[in-house]
Amino acid sequence: MTFQLAENAQTFDCRQAFADELAALAREDTRIVAVCNDSVGSSNLVGFRNEFPDRLINVGIAEQDLVGVGAGLANGGLIPFVSAAAPFLTGRALEQIKADAAYSDVHVVLCGQSPGMSYGELGPTHHSIEDLSWTRAIANLPVIVPADPVQTRAAVRWAAAATGPVYMRVPRFKVPEVTPEGAEFAPGRSIRLTEGDDVTVIATGTMVSRALEAAERLREDGIGLRVLNMPFVDPLDEQAIVDAARETYGIVTIEEATVSGGLGAAVASVVVEHRPAPMRILGVRGEFAPTGNASFLLDHFGLNAYGISSAARGLIDRAGG
Amino acid sequence: MLVAESSATVAFAKFRGDVADATEEGKSAALRDMARAVRRDIVTMIDRAQLGHIGGDLSVTDILTTLFGAVLDVDPEEPGRPDRDRFILSKGHCAGALYATLARCGFFPREELSTFMAPLSMLNGHPDRKKVPGVETNTGPLGHGFPVGVGCALAAKVQGASWRTVVVLGDGEMQEGSNWEAAMTAPHYELGSLTAVVDRNRLQQGAGTEETKRLEPLADKWRSFGWEVRDVDGHDYAALLQAFEPSTTGAPVAVIANTIKGKGVSFIENRVEWHHKVPNTEQVLAAMEELSR
């Protein structure tokens with residue numbers, strides 16, 4: 001199959017899909033509660049609060065308390081969706097995520113809102129490019145990065161039905177729809193969006209549509225790009241990675257995150273252990289972002305179709321293709 | 001996961017019944033006996049493991065004994081019963097005291113205590129809820145148990161359930177900012193079913209709390225955050241029982257339990273160096289002798 005981006009496709013902030021799906025779930029299951037750190041507005045939970053005033057718990061600006069309270073609510077038989085801006089949720093409360101949620105093994109859904117560099121001009125304090133590395137290092141914690149509203153909804157449903165803790169990003173940077181109808185959403189499973197035997201691009205979240213753009217450009221030059229959407233950064237789709245390493249000249253990974261320990265590093269671990277192959281890892285590399293809006297910053301770090309195409313061409317050149 | 005031992009749970013159910021029916025003096029005498037047995041187990045466990053936090057274990061023992069012996073509605077035969085009272089030891093380094101208490105109640109066989117901190121033991125240096133029944137959340141890093149306890153109490157409120165939540169904190173632990181976040185949340189949500197107990201032994205690892213980072217006026221701090229405060233002798237069973245009565249105002253209850261670190265063993269009492277020092281053979285014998293009087 002080949003998924004094609006629609007011409008002039010409408011783009012979406014996934015926070016709305018998150019909030020809509022959470023409210024829908026809450027209508028079906030009285031155990032669903034939302035917990036936030038004064039982030040009712042930025043988590044798009046105003047509608048939830050209006051509909052379920054007793055099931056929205058706001059602990060104020062206190063992220064450590066936020067995650068601990070979430071763990072306690074789960075202990076008491078509820079299914080808490082703990083929502084806060086991703087940098088503060090994962091950075092400030094990392095030890096609570098480790099000890100209270102993951103090590104204690106309670107069913108808390110940690111929702112990192114506005115991740116990556118979507119807060120743009122607000123600067124590196126408000127960017128969350130480290131969250132994937134931090135959370136991936138913690139045992140017993142699936143890490144999900146949805147790519148569009150459909151996948152955001154699927155992630156919310158999956159997380160609600162899980163039995164243990166989950167960390168999911170909720171993208172703010174607007175993206176087009178990239179999920180084919182009937183696509184599977186399951187841990188350890190990626191979605192192959194385009195066929196191609198030259199180079200594989202493994203993308204997650206906001207980078208998926210950019211990988212599809214790159215595939216279209218390279219197709220015009222006769223280069224076949226295999227685009228895999230990898231929504232689960234943990235657990236990875238190891239089989240798809242090994243297949244890509246075997247069947248294509250190399251792998252490009254791209255994520256709206258630091259390259260130190262995120263998707264690319266995870267994929268590289270699988271590749272070197274099972275099927276060594278050349279790779280290019282795209283992301284932010286050892287620096288804090290300069291001032292600029294999110295769109296500017298993604299381009300600044302080469303996190304766009306051009307960056308992907310260049311990396312893919314580099315792998316083909318290296319292979320003498 | 002360890003499982004209950006029925007002979008011990010039956011004996012403990014009888015103990016609970018006897019305590020409930022006893023006079024005030026009778027209750028105190030029974031709890032004193034239980035506490036003495038728990039303290040002996042603690043010393044034996046630390047002697048065997050050559051590890052442990054003996055000072056804080058001994059200061060918190062009377063608090064734990066009173067809670068499990070006469071207050072908490074928990075069932076060792078059904079430790080996950082949905083409407084059970086929640087007990088959280090936020091000062092998780094005193095796991096030894098908790099394990100000795102839980103074993104005494106029958107949550108798991110007392111023989112298991114001899115594995116304390118041994119390789120692959122269920123009894124880790126800090127409590128693990130996946131291994132030890134009666135443990136609600138994995139504590140150890142300070143400032144974690146209290147917010148989780150606030151969540152447990154909120155869960156009761158959201159669902160209209162009647163369980164109580166009791167969290168025991170170390171006094172040095174009150175230097176953690178997360179505890180003050182939780183201390184603001186509970187009164188805001190009027191969590192009258194929540195009791196926070198501070199084991200106020202006035203010592204932390206390296207020095208006195210007031211030398212390290214001043215906590216006083218501690219009761220005023222809690223009061224100003226909106227808590228109903230009860231300032232009691234943490235080794236006086238009758239006073240503790242009264243302090244553990246439900247809230248009278250609808251506000252959450254803070255019990256400042258004034259204790260002696262190392263309580264019960266004269267040469268350990270109130271000495272900062274006994275935070276996690278391990279007694280030698282002679283000291284173990286002397287301690288056991290004092291705890292058997």
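Asn140(A) lies in the loop between α6 and β5 of chain A, where helices (H or I, at least four residues) and strands (E, at least two) are DSSP runs numbered from the N terminus. Although Asn140(A) is not a glycine, its phi is positive, about 60°. Asn140(A) is exposed, with 12 other C-beta atoms within 10 Å; a residue is called buried if 20 or more other C-beta atoms lie within 10 Å of its own, exposed if 12 or fewer, and partly exposed in between, with C-beta atoms placed from the backbone. Ser114(A), found in the loop between β4 and α6 of chain A, is also a residue other than glycine with a positive phi, near 50°, but Ser114(A) counts as buried, with 28 C-beta neighbours inside 10 Å.

This is a predicted model, in which local features need pLDDT of at least 70 and side-chain atom pairs count only at pLDDT 80 or more, while totals for chains, interfaces and linings use all residues. Residues are numbered from 1 along each chain as its sequence is written, and chains are lettered from A and ligands numbered from 1 in the order in which they are written. The predictor gives the complex an ipTM of 0.97 and a pTM of 0.97. For chain B the mean pLDDT (the predictor's confidence in each residue, from 0 to 100) is 98, and 100% of the residues of chain B reach 70 or more.

Chain A is divided into domain 1 (14-170) and domain 2 (191-318), with bounds that come from an automatic or database domain assignment. The centres of domain 1 of chain A and domain 2 of chain A, taken over C-alpha atoms, are separated by 26 Å. Their contact takes 23 residues from domain 1 of chain A and 28 residues from domain 2 of chain A, two residues being in contact if their C-beta atoms, placed from the backbone, lie within 7 Å. On the side of domain 1 of chain A that touches domain 2 of chain A, the elements giving two or more residues are α6 (131-136), β5 (143-144) and α7 (149-161) of chain A, and α6(A) gives the most, with three residues. By class, this side of domain 1 of chain A has twelve nonpolar, seven polar and four charged residues; Ala, Val, Leu, Ile, Met, Phe, Trp, Tyr, Cys and Pro count as nonpolar, Asp, Glu, Lys and Arg as charged, and the others, Gly among them, as polar.

β5(A) also belongs to an open sheet of seven strands with mixed pairing, in the order β2-β1-β3-β4-β6-β5-β10 (chain A); two strands pair if DSSP finds at least two bridges between them. β2 (56-58) and β10 (232-234) of chain A stand at the edges, each with a single partner strand, so one side of each is left without a neighbour in the sheet. Two bridges join β5(A) to strand β6 (residues 166-170) of chain A, and the two strands run parallel; here Val143(A) has Tyr167(A) in β6(A) as its bridge partner.

Elsewhere in chain A, five bridges join strand β11 (residues 250-258) to β12(A), the two running parallel, and Ile254(A) has Leu282(A) in β12(A) as its bridge partner. Five of the six residues of strand β12 (residues 279-284) of chain A are buried, so β12(A) is largely enclosed by the rest of the structure.

The contact between the chains takes 26 residues from chain A and 26 residues from chain B. On the side of chain A that touches chain B, α3 (63-75) and α5 (94-103) of chain A each supply at least two residues, and α3(A) gives the most, with nine residues. Which elements cover the buried residues of α5(A)? They include α3, α4 (86-92), β4 (109-113) and α6 of chain A together with α5 (145-159) of chain B. Eight of the ten residues of α5(A) are buried, so α5(A) is largely enclosed by the rest of the structure.
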